[in-house]
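Open the model in your viewer and keep the selection tool ready. We will go stop by stop.

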Amino acid sequence: MCGIVGYIGTEQAKDILLNGLERLEYRGYDSAGIALMNATNVEVYKEKGRIAKLRGAVAEEAEGTTGIGHTRWATHGVPSQENAHPHQSTSGRFTLVHNGVIENDQELKEAYLLDVGMKSETDTEVIVQLIEQFASEGLSAETAFRKTLGLLQGSYAIGLLDKEAPERILVAKQKSPLLIGLSSHGNVVASDAMATLALTDQYVEMMDGEVVILTKGEVNISALDGTPVSRAPYTAELDATDIEKGTYPHFMLKEIDEQPLVMRRIIQHYQDDAGRLKVDEGVRQAVKLADRLYIVACGTSWHAGLVGKQFLENIAGVPTEVHIASEFSYNRPLLSERPLFVFISQSGETADCRSVLVDVKQLGHSTLTITNSPGSTLSREADHTLLLHAGPEIAVASTKAYTAQIALLSILAVDVAQGKGATLDFDPLKELAIVANAMEVLCDEKDDYEQMARDYLSDTRNAFFIGRAVDYYVVMEAALKLKEISYIQAEGFAAGELKHGTIALIEDGTPVFGLISQPHVAGHLRGNLQEVAARGAHTCTIVTHDLATTNDAHVLPEVHPHYSPLASVVPFQLLAYYAALHRGCDVDKPRNLAKSVTVE
Ligand code: M6R
């Protein structure tokens, strides 16, 4: 979602900000802007639409060695130039960018700003106008800033320029991600280290409730009440090439192709000296102490959790429930006596998950985050973390993070089973290595899936995916992948449910994809495909090698049935990719979506 980049130093800020915002494009946005400050003036440029448009709108001669930039994903007010950040106070003294949501903006307006004419529909403008209001009453800018922060309810990451103090940027954070970066010619502030990796790999974390006064040579961190905080920098373990497309036309395709490598990397990271899969001792103990696991996640990560439940129950014998994070608070299940909450989140920043995390921590429950983002909010705030080691995932459509999540959940299940002294009837290490090879084979068959997209999806308005048992969870993911990037209305169904309603939607030519990887339900699934074919559906069977017949055109390389979701999802990822490509969609940045969903 929204992204922030700020710079203060000796270089011109314009390109640093615009390049940084481009690096944050993957998060999803609908408008963008920058403010450049020099000794006498602050110039603001904002545009609805892409950064490229903003770049074109910034005057060639625009100057300033201090500046803040922002990509906005609309929450309060439509995407427009007026609602884009940065926002300025009425006098133009203060200029501000903000990520997050201010929940009491209306109350604050009524209490303090009745006489102030607002220029935008945003909650953000309230912040900058409040700062001006308090400063005009005689407070120093810093005190006005802190007083305003003390009044805000909700989430924020903020960068503030003050025309009367061009030698500093004021920065604050509450629940929304923000980092400080240190470079040889100045300091930066960014929502994500990726934005400023070209300048530095040295970063200082910011914690909730902290304020930073950033100058070109110093980083002064303090608590909201002014108490100084000292914190050492860390080296961001990001490789600049990880965030480049290289020779690929899209990040999504690159990330699909990286999956075999990610599998092998996970096997390496989660192996002990004796060559046994294992997880960190703290996590092992937490699972051991728990009488039930509650997986909480959203979107693709929720789909990974559904597959994970199968591992945890079938391999490790641990009762597991899987919940959609945004529903959890209203539909909270009766909790067991010793629950362990497992948050699955690629970004580690998903607000719906965080809200549950905060609640269950207050209740004193044990928590584990499975994430791709070390240092992310969910990772920092949970008791334990397991990292995916998938490398940055830039495309909005999650691919390699999904398979990494499933692989890691399988390792957790194997570790728990081994800890209980269970003898497994398969060698998990060998089977995961076979999965990596199978993924490679599937990635080499791109032409087949491109053709499948042409044959089935080039002019359809909807598509159905059916599966049974664990294949049901995979087809839910297949449908999400297709709909989010190609805008074809797609649904994943438990095949047995079709006849209870959905089959009414089948017309001549409706594409129905059936996944068959589980021997015990293969016959039923074939029957369901025949039922829809008899009603005109254009059916496509994707089946594992051991269950294929001579008529099956799309046969998956054989992997252990436990691990089939890791291989069987790959054709669907490719199918979605090519369907979106053929329809001329923006594959990596689908409309209305954000990579990191930091609002509830
Ligand atoms: O970062 P998270 O894993 O918490 O994100 C959860 C969902 O927003 C995410 O998986 C979303 O569904 C993806 N766009 C799917 O491709």
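How much area is buried between domain 2 and domain 3, and what percentage of it do carbon and sulfur atoms give? About 2,900 Å² is buried there, and carbon and sulfur atoms give 73% of that. Buried area is the accessible area (1.4 Å probe) that two parts lose on being put together, summed over both.

Before going on, note that this is a predicted model, where local features need pLDDT of at least 70, side-chain atom pairs count only at pLDDT 80 or more, and totals for chains, interfaces and linings use all residues. Residues are numbered from 1 along each chain as its sequence is written, and side-chain values use heavy atoms, with hydrogens and water left out.

**Stop 1: the domains**

Colour the protein chain by domain: domain 1 is 3–236, domain 2 is 245–444 and domain 3 is 446–584. These bounds come from an automatic or database domain assignment. Select domain 2 and domain 3: their C-alpha centres lie 25 Å apart. Domain 2 brings 39 residues to the contact and domain 3 brings 29. Contact means heavy atoms within 4.5 Å.

**Stop 2: across the interface**

Select D257 and K446. Their side chains meet in a salt bridge of 2.8 Å, N to O. The rule (a side-chain nitrogen of Lys or Arg within 4 Å of a carboxyl oxygen of Asp or Glu) finds 1 salt bridge across the interface of domain 2 and domain 3.

Now show the side of domain 2 that touches domain 3. Helices α6 (251–257), α7 (259–269), α9 (299–314), α13 and α14 (428–443) each supply at least two residues. Helices (H or I, at least four residues) and strands (E, at least two) are DSSP runs, numbered from the N terminus. α14 gives the most to this side, with 10 residues.

**Stop 3: K400**

Select K400, in helix α13 (400–419). Is K400 buried or exposed? It counts as buried because its relative accessibility is 2%. The cut-offs: buried is under 20% relative accessible area, exposed over 50%, partly exposed in between (1.4 Å probe, protein chains only). A polar contact of 2.6 Å joins the side chains of K400 and E258. Leaving out residues up to four places away in sequence, K400 touches E255, E258, Q259, V262, A390, G391, P392 and E393.

**Stop 4**

Most residues other than glycine have a negative phi, and most peptide bonds are trans. Go to H85 and P86: the peptide bond between them is cis, with omega near 0°. P86 sits in the loop between β4 (66–72) and β5 (87–88). Next, select Y487, which has a positive phi of about 65° although it is not a glycine. Y487 lies between α16 (470–486) and β22 (489–494), in the loop.

**Stop 5: after α18**

Select E600, in the segment after α18 (564–582). E600 counts as exposed, at 69% relative accessibility. Not counting residues up to four places away in sequence, E600 touches A351, D352 and S355. Finish at N592, also in the segment after α18.

Terms used
A polar contact is a pair of N or O atoms within 3.5 Å; within protein, one must be able to donate a hydrogen and the other to accept it, and residues adjacent in sequence count only if both atoms are side-chain atoms.
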